[in-house]
Amino acid sequence: MFLISHKDIKFAVTVAESLNPFSYSHLRHRNVLESLSYIFSLVFACIFILSAYYVPSLISMDSRIYSELGKFERIGVSYEMGMKEPVDASFFGISILRFGDKGNSLLSISDDGISSRSVFCMALSPLCRVYRDSEMPASDMNDLSGRKKELSLLMRNAFLLALPGIFMSVLIYFVVKYIAISAFFAVLGLVFSRLMRFELNLYSSFVMSCYSITVLAIPQMLSGNFGISLFGMEWLFFLALFISGLMFSSKKGDKDGSGRGTKNK
């Protein structure tokens, strides 16, 4: 079983081709679904790289939260629960969140208080002797100044629970953003091609704009997290690649600009 499939190889090749304006003569003939799928894969790959980059931060998150909680002189939490029966939220057969009583969940919230279980304990029960549950009785939650260690563990687990939702929200945000940018510049590209007397339609202009987005998406998504300031240079690279791709892939008086139903070269 190979970890890298032919689709991954094709995606890597497409990324390399999208950086070469001379490759747009055949990229323009790909259909819209392929182009949208490429943007999705590109954004997903960038988020995956960022996720791997933040893994060390996630491991030491509880200690960082603990140090930040030291800035508070007093911390208190008050809540009330009235439930007929416990509510359990599970993903892939794993109990993640439970309301109403204490259970074998990553995070349990009841009238008695809040308890948090380590993911290592949930994975292998023998490790529960090492990674014990963190409990916080409701009676002690009015003043948590002396229980910042337990609070930091609870906040870490709460954040881990929110990670799938955060990942999907970020993914959707950037996919919609770059599709909208591609659509906007596809219209501008069509106007440019008309001024240059190239017979290029909106369909092909949009497809090429989707592939040109590579030099915009990767720097924007990765540079800020690595502390690199681009000063807007990524927009210049994007415009240069998009315009040169339009010029190198079209000919004056070319009647074949639709790309519909044309197989990839």
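## Helix α8 and its surroundings

In this predicted model, the buried residues of α8 pack against α1, α3, α6, α7 and α9. Helix α8 is mostly covered, with 7 of its 10 residues buried, and these are Thr214, Val215, Leu216, Ala217, Met221, Leu222 and Ser223. One of them, Met221, returns below as a member of the largest nonpolar core.

## Overall layout

The chain contains 9 helices and 5 strands, and from the N terminus on its elements follow the order α-α-α-α-β-β-β-β-α-β-α-α-α-α. Of its 265 residues, 36% count as buried. Among the contacts in the chain with a separation of 6 or more, 65% are made by residues 24 or more positions apart.

## Helix α3

Helix α3 covers residues 32–59, and its 28 residues, taken at 1.5 Å a residue, should span 40 Å, which agrees with the 40 Å that separates its end C-alpha atoms. At the start of α3, the backbone nitrogen of leucine 33 has a side-chain oxygen of asparagine 31 within 3.2 Å.

The buried residues of α3 are Ser35, Tyr38, Ile39, Leu42, Val43, Cys46, Ile47 and Leu50. An α-helix has 3.6 residues a turn, so residues three or four places apart point the same way. The elements that cover the buried residues of α3 include α1 (6–18), α6 (148–195), α7 (202–212) and α8 (214–223).

Which members of the largest nonpolar core touch the most other members? Of its 34 residues, they are Val43, Tyr178, Ile213 and Met221. At least two residues of this core come from each of α2 (24–27), α3, α6, α7, α8 and α9 (233–249). Valine 43, once its neighbours within four places in sequence are left aside, is in contact with Leu171, Phe174, Val175, Tyr178 and Met221, and two of these partners, Tyr178 and Met221, are themselves listed with Val43 among the residues that touch the most other members.

## Salt bridges

Side chains of opposite charge can pair when their charged atoms come close. The count of salt bridges in the model comes to 2. In one of them, the side chains of glutamate 34 and lysine 10 meet with an N to O distance of 3.6 Å. Glutamate 34 lies in helix α3 and lysine 10 in helix α1, so this pair ties together parts that are 24 residues apart in sequence. Glutamate 34 is partly exposed, with a relative accessible area of 23%, and lysine 10 also counts as partly exposed, at 45% relative accessibility.

The salt bridge between arginine 30 and glutamate 17 has its closest N and O atoms 3.6 Å apart. It links distant parts of the chain, with arginine 30 in the loop between α2 and α3 and glutamate 17 in helix α1, 13 residues apart. Are the residues of this pair buried or exposed? Arginine 30 counts as buried because its relative accessibility is 9%, under the 20% cut-off, and glutamate 17 is likewise buried, with a relative accessible area of 18%.

## Serine 212

Serine 212 is placed in helix α7 and is buried, with a relative accessible area of 0%. Its side chain reaches the backbone oxygen of methionine 208 at 2.9 Å. Leaving aside neighbours within four places in sequence, serine 212 is in contact with Tyr24, Phe238, Leu241 and Phe242.

## Positive phi in two loops

Most residues other than glycine have a negative phi, and most peptide bonds are trans. Arginine 197, in the loop between α6 and α7, has a positive phi near 65 degrees although it is a residue other than glycine. With 67% relative accessibility, arginine 197 counts as exposed.

Phenylalanine 231, in the loop between α8 and α9, has a positive phi of about 55 degrees and is not a glycine either. Phenylalanine 231 is exposed, with a relative accessible area of 76%.

Key
Residues are numbered from 1 along each chain as its sequence is written. This is a predicted model: local features need pLDDT of at least 70, side-chain atom pairs count only at pLDDT 80 or more; totals for chains, interfaces and linings use all residues. Side-chain values use heavy atoms; hydrogens and water are left out. Helices (H or I, at least four residues) and strands (E, at least two) are DSSP runs, numbered from the N terminus. The expected span of a helix is 1.5 Å times one less than its number of residues. Buried means under 20% relative accessible area, exposed over 50%, partly exposed in between (1.4 Å probe, protein chains only). Contact means heavy atoms within 4.5 Å. A polar contact is a pair of N or O atoms within 3.5 Å; within protein, one must be able to donate a hydrogen and the other to accept it, and residues adjacent in sequence count only if both atoms are side-chain atoms. A nonpolar core is a set of buried Ala, Val, Leu, Ile, Met, Phe, Trp, Tyr and Cys residues joined through side-chain atoms within 4.5 Å. A salt bridge is a side-chain nitrogen of Lys or Arg within 4 Å of a carboxyl oxygen of Asp or Glu.
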